[in-house]
Amino acid sequence: MGLHELPARQARGGRRTARPAHRARARLRAAGCPVTLRNRVSVAAAAGVLIVVAAVSTALYLFYAASLRSRVDATLVDAAQQAAGIARSLKQSGGRGSGTVPDISTPVTVGSVQVQLIPGPVTPGQPNRFGPLDGHDVAVAGQAQPAYFADEHHDGQQFRVYTVAWADNPGGLVRTSRPANADDGALRDAALLLAGLTVAAACLTYGAARLTAGRILRPIGELTEAAEHVTKTRDLTSRLGFPQANDEVGRLASSFDTMLAALHESLTAQRQLTADASHELRTPLTSLTTNLDLLEDGAGLADPQAPALVRAAREQAAELDQLITDLLDLARYRESPPHRETVRLDLLTEEAVRRLRQREPHPAIDSELHPCLVHADPAGLDRAITNLIGNAVKWTPEGDTVRVVVENGQVSVTDQGPGIPDTDLPRIFERFYRAPAARGTPGAGLGLAIVGGVARANDGTVTVRTGPGGSTFTLAFPPLPETD
Ligand code: ADP
């Protein structure tokens, strides 16, 4: 129930804060366009190319427009340089023998350019087809100012106009002009061509990107399908089995397989633990139930056997309690990342020894504790040391001594017990393993499994040396430098 509620809440929150990109994707989905990675990659590539080609096309267009304009300007200059020839032919054709200069109201057309000859001396305010001449024109005519280009308006049309001093007529001007829209057609063609090229480049890129992305992203699609299959079937034994590849997709696939294997292992271990734990819990529970049945079937608490039955039931309840504590500790210290801190190993061991001496006065516990620091989970460490000393006490005959030594990040616990047979030695750290010799002694075979778990979880090790004269268990951690 809770599992289903959380995504629903997230979805509601997501709708409230939906960003434009999310809304756009939702619209695409609603319109039947799947928002696949392949589509997104293709659209991104096409958009990138569109931006770049559009920028290049705009630059080309501006460059072309500027070069057209400078070509026009060059044509105007060329035409102005033909002023002498034009004047001559005007004289021959119009003012034959009179020696007069052409009229300013009659510009002569040379190619696409109109040439006006304005005899000197020109004066400010003198009328002209592009408006009255001004002081600047007079200065140009007197060669006090250089020739100049201007954009002028005349008869509802835009003109490019070049004004220069008339070399053969001191104080006069030559004006050449050309309609500014003469090149509009060429510019429009260029703009259309470039726009077409831009759109074509974007479309081609989109197509190519879709093809390429489809090939590159195919493994991701297969990976997604495999992950969905695992989610649907809950089958942790399935593997993607991708051919080994060193790229990101290959690494992702192999990490996915490793993760599945780890999950499978963990799940199997959990199932095994549950099965083992149920089995172990059932034994004291059966005894407890039997004792309670006996009490019920007999004369109840008035039965002379009753105190013994109640005592036995209480012991079985205590055994159950210990078993549950051990199971919880086993899960806590093995599975979860430990809370680690700098710990004085000698002081922690001293406290464990003190507690055990109080609980079990025999055999004697002899300790040699040198100050040293380790980086570990104090609760786990305490549990592991207590288990080792507890086992040593259990296996050492009365009158003998258990020896505990702490130095250089190590705790060694030596007993004078019977030692551990070679057949049992490889299995003593397995959970619920108890040597045949241990049957009849208290315990459920979890003590050393907890010690092993604590060692692993804290980057430590646990080793055992054993022989007929006794055993030495050593729990070792990387020691930290002593601090004052
Ligand atoms: P338990 O003590 O509950 O049996 P442990 O996990 O602590 O469980 O120990 C597992 C087995 O290892 C014991 O059953 C016992 O056979 C053996 N063992 C552990 N410590 C000693 C020891 N100090 N001397 C001899 N055998 C030991």
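**Close-up views of a predicted model**

View 1. Asp257 has a relative accessible area of 15%, so it counts as buried (under 20% relative accessible area; exposed is over 50%, partly exposed in between; 1.4 Å probe, protein chains only). The model is predicted: local features need pLDDT of at least 70, side-chain atom pairs count only at pLDDT 80 or more, and totals for chains, interfaces and linings use all residues. Residues are numbered from 1 along each chain as its sequence is written, and side-chain values use heavy atoms, with hydrogens and water left out. Asp257 lies in α7, residues 248-297. Helices (H or I, at least four residues) and strands (E, at least two) are DSSP runs, numbered from the N terminus. Leaving aside residues up to four places away in sequence, Asp257 touches Arg239, Leu240 and Gly241. Contact here means heavy atoms within 4.5 Å.

**View 2. Helices α9 and α10 cross at roughly 50°.** Helix α9 spans residues 345-359 and helix α10 spans residues 378-395. Their axes come within 10 Å. Axes are lines fitted to C-alpha atoms, for helices over the stretch in contact; angles run from 0 to 180 degrees between N-to-C directions. The pair is therefore oblique. Angles under 35 degrees count as roughly parallel, over 145 as roughly antiparallel, 65 to 115 as roughly perpendicular and the rest as oblique. The crossing of α9 and α10 is right-handed. Handedness is right if the near helix is turned clockwise from the far one by less than a right angle, and left if anticlockwise. From α9, the contact uses Leu345, Leu348, Thr349, Ala352, Val353, Arg355 and Leu356. From α10 come Pro378, Leu381, Asp382, Ile385, Thr386, Ile389 and Gly390. By class, the α9 and α10 contact holds nine nonpolar, three polar and two charged residues. Ala, Val, Leu, Ile, Met, Phe, Trp, Tyr, Cys and Pro count as nonpolar, Asp, Glu, Lys and Arg as charged, and the others, Gly among them, as polar.

**View 3. Helices α10 and α11 cross at roughly 140°.** The axes of α10 and α11 come within 9 Å. That angle makes α10 oblique to α11. The crossing of α10 and α11 is left-handed. On the α10 side are Gly380, Leu381, Arg383, Ala384, Asn387, Leu388 and Asn391. They meet Gly447, Leu448, Ile450, Val451 and Val454 of α11. The contact of α10 with α11 has seven nonpolar, four polar and one charged residues.

View 4. Pro121 sits in the loop between β2 (113-118) and α5 (135-141). Pro363 sits in the loop between α9 and β7 (364-369).

**View 5. Arg234 and Asp459 have positive phi.** Phi of Arg234 is near 60°, in a residue other than glycine. Arg234 lies in the loop between α6 (184-233) and α7. Its relative accessibility is 66%, so Arg234 counts as exposed. Phi of Asp459 is also near 60°. Asp459 lies in the loop between α11 (447-457) and β11 (461-467). At 52% relative accessibility, Asp459 counts as exposed.
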